[in-house]
Amino acid sequence: MPKPSRRSFLAGALAGTAACRRDDGARLVLTAQEARTLEAICDQLIPDDQDPGAAAAGGVIFIDRQLAGPYRRHQRAYREGLAMADALSRKMFGKRLADLPAEQRLQVVKRLERDARPFFQLVLAHTMQGFYGSPRHGGNRDYVSWRMLRVPASPVRGRIQYDLRSRQE
Amino acid sequence: MALPPVDAVVIGAGAGGGVAAKELSTAGMRVALLERGRWAGPWDDRKDDLANQRTSALGAPFGPDPARNPRVAVDHNGRERVVLPADGAYSNNAACVGSGTVSYGAMAWRYMAQDFRMKSIYGCPEGSTLEDWPIAYDDLEPFYEKAEWEMGVSGDVAPDPHHAPRRRGLPMPPLPPNREYEILKPAALRLGWHPFDIPMLRNSVPYNGRGPCMRCRWCVGFACEVNAKNGTHNTVIPAAMATGLCEVRTGCMVKEIVLDARGRATGVTYFDAADHLQTQPARLVVVCAGAIETARLLLGSRSRLHPRGLGNRYDLVGRNLQGHAYPKAVGLFDFDTYDDVGPGASIAICDFNHGNPGLRGGAMLANEFIRLPIQFVGSTPPGVPRWGRAHKDFMRQFYRRSIPVMGPVQEMPVFEARVELDPRTRDFWGMPVARLSGGRHPHSIEVARFVAAQAERWLREAGAIRTWTEIPGLDLSGGQHQAGTCRMGNDPRTSVVDRNCRLHEVDNVYLADASVHVTNGGFNPVLTILANAYRVSAAMVKERHA
C-alpha cells in the first residue's frame, strides 16, 4: 500500500478545514444553491418528526465532504442531477425545490425517483449513509440517528479514541 | 540482479499462505512470504462503519489499493465495466497480512463428510461441473484439528449430530449466549432441530497469550481492537517469523512464475514496495493469492511450454469460480431482540446441510453478526418504502427488534463462471487485470429458497410477528468465500492440481488457498482453507525429505 499522495493528503487537510467551519455554510464542492436543493431532497428522504431528519443532522455536509473525497467521481452526477431537480420543480410548481412547501417537495422527489432513477438512487444511498453512519463524516450530528434507534454508546470504548480523533478531522 | 535464493516463495499472506509459511519455516526451510498489501489493524478501519471490509462505501481499509488494482466485471447480460474493490462485483477479499482473517466474522467450520462427495451422493445437475474431491474428510481431519488448536477456536459442536467424527473437541468453550441465542435456541429445539454454539476463531478465554473477546459490536468487517480474533496475522505468521527463516515482504505484487527450459519453476518476479522489479529464485513456489488472483497469476505466467498460462493446458484455470449463495430470512418481533453483545452470530443448526428432499446439498443456518445501523437500512420487508417517513418509522421501531437468520448455500459449480485476463484493462504495474464473468447455477437458487424457508420457520417459531425472505439471484458468486478456480483432482484433463495441490504440469508449484476447492461446502470456508494448507505443507515437507 503506497503512502498517501500529496493530492490525497491535501484533500484530507481540506476536509479537516471543512469540519471546523461546518456551521458557517462553507462547502467544498457544492454551490450555495446546489446545497439548498440537496437539503430539500434530504429533508424528504429522511424527514423531521419527533427525531431530527437528514437535513438537520448534516446530510448536505456529509455528501459535500465525500464529493471532495471518495465520491469525487460523482461530482458531475450531482451537478446535473441537482440542476435537473430544480428544473423539474420549476416546471411542476414554478419555483426552485427549496422554495416549495413540504407537500410539493415530496411530489417533486417522487417524480425524481420515477424519472431520474440513477441520480435518485445515488442521493438516497448517500443520504442514508450520512444519517445512519458515524458522525465523523459530517452527517448524523450528535448521533441523532443512533439515539433514535437506541444504539448505546460502546460498552467498552477501546484503547484507541477514534471518536476524539474524528472530531478534529 | 536476482535476490539470494530461498527454499520456498509463498505468494499471499492470507489464510493459506500464512499457514504454509509457518509450516515450511518451522521445518527448517528458508521462506519468502510475499504480500501485496501491508500489515493492517484496528488503526486502519478505526471502527468506521462506512469504510470497512463489510460496508466499504467510503473505502476498503484493508486493501487492495483501488488506484492500482481495478478489475473488470461482466454481468449476466454481458455488460462489462471496470470495478474497484469497494464495489460488490469486484468480489474483494482483503489484501493485507492475514487478508480476510483480519476482518472476518471468524466462523470456524469443518466441512461435513458429504461435502467432499457431492457428485457421488447427488449426481451432477445439467449445466454444472459438480465433482467429488480427490480427498475425503478423513484425510483432512487431523489438519482441521491442528488448525483449531494452533490458531484457537471457541464453541461447542457436541449437540450437532450431523458433524463428521472428530478425535478431539475444541480448545475453548463458547462465549456466553447473547439475547438472540436465548430466543432462537428453544425455538429450534421445539422444531426438533439441533442448535449449538458456532465454532469461531475467536478467544472466549485467554489463549495463545492473548485475551478474550470483549463482546463489542465492531466485529465482522473490522480488525479486533483487543486482538481476540484469531487470524494468520496474529498466530502462524508471527510463528513463522520467530523461526528466523521466514521473511515477510509487504507491498510486493508478483508478476509471474518463472520456469527454466525443462519446465521447472525457478522462482518468481515481483514488483517490490518501491515498484522495482525483483527476481526471487526459489526451489518451491506456493501460490496462495485467493481464488481470483491465484488464477490470474497462473494465467499471466506464460512461456513457451505454457502458452495459455501455467497449468492451463486444458483451459481449466479460472473456471468454476464459486462462493456461496446466501439466502436470508428476517423476523420482526414485538420485544427487543438486540442486546448489543458482540460478535452477534452465536447459534447455528446443520439440520439442512444435506438430505433435503429433491435437492443437492444445503446450508448451515445461523443468526447474523451485529448489524450496524447503516447495514439495517436495506432490511425492509416487502411493502415498506425505502425512504421517507414510513422508512424512518420502520428503522426506529425495528432496529432493536429484528433477527436475521442466514446460511451459505453450497453452490453447484459452473464452468462458465470464471476468471480470465482482461484484454484491455491493466493494473498500475501494466499487467492485465482479472476479468470476472458468468453466474450461478439455477439449482443453487432452488436450494437457497428451501433453506430460507427453514430460516423463516425458525423465526416464526421464535415468536416473530412478521417474517420475509431474501433470495440471491443468478449473479456471479465469489467475494470473500471465493473458491474453485484451480480445482484439485486426480485427472489432469479435468483438474489443475493433484490431490496434494501440486500443479499437474509443474513439479514444484503448489497451491494452498481456496482455488483448489472442488466444491465449497455449506459453510464459511476458512477453516478448510487453513486445514488444507496444513495438509499441503506436510506433503511439501515430506517431498523435500524424500
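This is a predicted model: local features need pLDDT of at least 70, side-chain atom pairs count only at pLDDT 80 or more; totals for chains, interfaces and linings use all residues.
How many bridges join strand 13 of chain B to strand 14 of chain B, and in which sense do these strands run?

1. Residues are numbered from 1 along each chain as its sequence is written, and chains are lettered from A and ligands numbered from 1 in the order in which they are written.

2. Chain A comes to 8 helices and 0 strands, where helices (H or I, at least four residues) and strands (E, at least two) are DSSP runs numbered from the N terminus. Of its 169 residues, 38% count as buried, a residue being buried if 20 or more other C-beta atoms, placed from the backbone, lie within 10 Å of its own, exposed if 12 or fewer, and partly exposed in between.

3. In chain A, helix 3 (residues 59-67) has 9 of its 9 residues buried, so it is largely enclosed by the rest of the structure; among them are A:Phe62, A:Asp64 and A:Arg65.

4. In chain B, 2 bridges join strand 13 (residues 365-367) to strand 14, and the two run antiparallel; here B:Asn367 stands opposite B:Val405 of strand 14. Strands count as paired if DSSP finds at least two bridges between them. Strand 14 of chain B is also joined by 5 bridges to strand 11 (residues 328-332), again antiparallel, with B:Leu332 having B:Ser402 as its bridge partner.

5. Strand 14 (residues 402-406) of chain B has 5 of its 5 residues buried, so it is largely enclosed by the rest of the structure. From this strand B:Ser402, B:Pro404 and B:Met406 point one way, whereas B:Ile403 and B:Val405 point the other way.

6. Chain B also holds an open sheet of 4 strands in the order 4-3-16-15, with mixed pairing. Strand 4 (80-83) and strand 15 (418-426) of chain B stand at its edges, each with a single partner strand, so one side of each is left without a neighbour in the sheet. The twist averages 35 degrees from one strand to the next, with axes fitted as lines to C-alpha atoms (for helices over the stretch in contact) and angles running from 0 to 180 degrees between N-to-C directions.

7. Within this sheet, strand 3 (residues 71-74) and strand 16 (residues 432-437) of chain B pair in the parallel sense over 2 bridges, and B:Ala73 has B:Leu436 as its bridge partner.
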